[in-house]
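This briefing is meant to be read alongside the sequence and the coordinates. Please keep both at hand while going through the points that follow.

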Amino acid sequence: MSNPINANSEVVMHFTIKLSDGSAADSTKMGGKPAKFRMGDGSLTENFEKCLLGLAAGEQKSFVLEPNDAFGEPNPDNIYHVDREKFADEVPEEGAVMLFQQPNGSEIPGIIRAVAGNSVTVDFNHPLAGQTLTFEVEILEVNA
């Protein structure tokens with residue numbers, strides 16, 4: 001039996017995130033490339049990590065996380081109204097996800113929520129914020 005996952009483990013796993021209607025929002029199995037991370041490195045929420053503690057390579061588990069335990073609730077401060085001329089000739093479509101450059105040069109995805117006149121409403125909340133999600137994990141490897 002391999003080592004169980006602890007607070008400092010490096011973990012390789014496949015995961016699928018399902019919405020409340022059962023459809024898959026994301027899955028590492030689609031691309032065939034598992035996720036690799038170290039517990040506590042900030043790539044997963046604290047509550048997600050707690051669900052993984054004690055699991056070992058070869059184990060599979062499914063658990064449900066409420067919004068505050070997954071990607072949080074939508075924050076109204078993350079919704080911006082952008083002048084349409086900033087999009088040049090490209091007219092954004094509602095529901096489209098676009099990358100926006102931040103002042104530090106990194107990019108952040110935003111969802112176009114509305115286009116009205118010269119104003120474009122962009123939501124920078126995580127697309128899964130506010131949703132209760134089911135996580136299915138398959139632990140492939142655990143390194144101390």
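This is a predicted model: local features need pLDDT of at least 70, side-chain atom pairs count only at pLDDT 80 or more; totals for chains, interfaces and linings use all residues.

In which strand is D123 found? D123 belongs to strand 8, which covers residues 119-123.

**D123 and its surroundings**

- D123 counts as buried, because its relative accessibility is 7%, and the cut-off for that class is under 20%.
- The side chain of D123 is joined to that of R113 by a polar contact of 3.0 Å, and a polar atom of the D123 side chain also lies 2.8 Å from the backbone nitrogen of N125.
- When neighbours within four places in sequence are left aside, the residues in contact with D123 are N78, I79, G110, I111 and R113.

**Salt bridges**

- How many salt bridges does a search of the whole structure find? The search finds 6, and several of them are described in the next points.
- The side chains of R113 and D123 form a salt bridge with an N to O distance of 3.0 Å.
- Because R113 lies in strand 7 (residues 107-116) and D123 in strand 8, this pair ties together parts that are 10 residues apart in sequence.
- The two partners fall into separate accessibility classes: R113 is partly exposed, with a relative accessible area of 43%, whereas D123 is buried at 7%.
- E138 and K29 meet through their side chains in a salt bridge of 3.3 Å, N to O.
- R38 forms a salt bridge with E10, in which the closest N and O atoms are 4.0 Å apart.
- R38 counts as partly exposed, at 36% relative accessibility, and a network of salt bridges links E10, K36 and R38.

**Nonpolar cores**

- The largest nonpolar core holds 22 residues, and the members that touch the most other members are M13, F48, L52, V137 and I139.
- At least two residues of this core come from each of strand 1, strand 3, helix 2 (46-52), strand 4 (60-65) and strand 9, and the largest share, 5 residues, is supplied by strand 9.
- L52, one of the core members named above, is in contact with I5, M13, F37, M39, L44, F63, V137 and I139, once neighbours within four places in sequence are left aside.
- Another core, of 8 residues, lies apart from the largest one and includes F100, I112, V122 and F124.

**The largest pocket**

- The largest pocket contains about 190 Å³ of space, and 13 residues line this pocket, of which S43, L44, F48, F71 and F135 are the closest to its centre.
- Strand 1 and strand 3 each supply at least two residues of the lining, and strand 1 gives the most, with 3 residues.

- T121 lies in strand 8 and counts as buried at 15% relative accessibility.
- The T121 side chain makes a polar contact of 3.2 Å with the side chain of H81.
- Residues up to four places away in sequence not being counted, T121 touches I79, Y80, H81, I111, I112, R113 and A114.
- Is I112 buried or exposed? I112 is buried, with a relative accessible area of 1%, and its place is in strand 7.
- I112 and M98 are 14 residues apart in sequence, while their C-alpha atoms are 7.6 Å apart in space.
- Leaving aside neighbours within four places in sequence, the contacts of I112 are F87, P92, E93, E94, G95, A96, M98, F100, V120, T121 and V122, and among these F100 and V122 are also named, together with I112, as members of the core of 8 residues.

Methods: Residues are numbered from 1 along each chain as its sequence is written. Side-chain values use heavy atoms; hydrogens and water are left out. Helices (H or I, at least four residues) and strands (E, at least two) are DSSP runs, numbered from the N terminus. Buried means under 20% relative accessible area, exposed over 50%, partly exposed in between (1.4 Å probe, protein chains only). A polar contact is a pair of N or O atoms within 3.5 Å; within protein, one must be able to donate a hydrogen and the other to accept it, and residues adjacent in sequence count only if both atoms are side-chain atoms. Contact means heavy atoms within 4.5 Å. A nonpolar core is a set of buried Ala, Val, Leu, Ile, Met, Phe, Trp, Tyr and Cys residues joined through side-chain atoms within 4.5 Å. On a 1 Å grid over the protein atoms alone, a cavity is a set of points where a 1.4 Å probe fits but cannot get out, and a pocket is an open set with protein on both sides within 12 Å along at least five of seven lines; lining residues have an atom within 4 Å of a point. Grid points are joined across faces, edges and corners, and a volume is the space filled by probe spheres set on the points.
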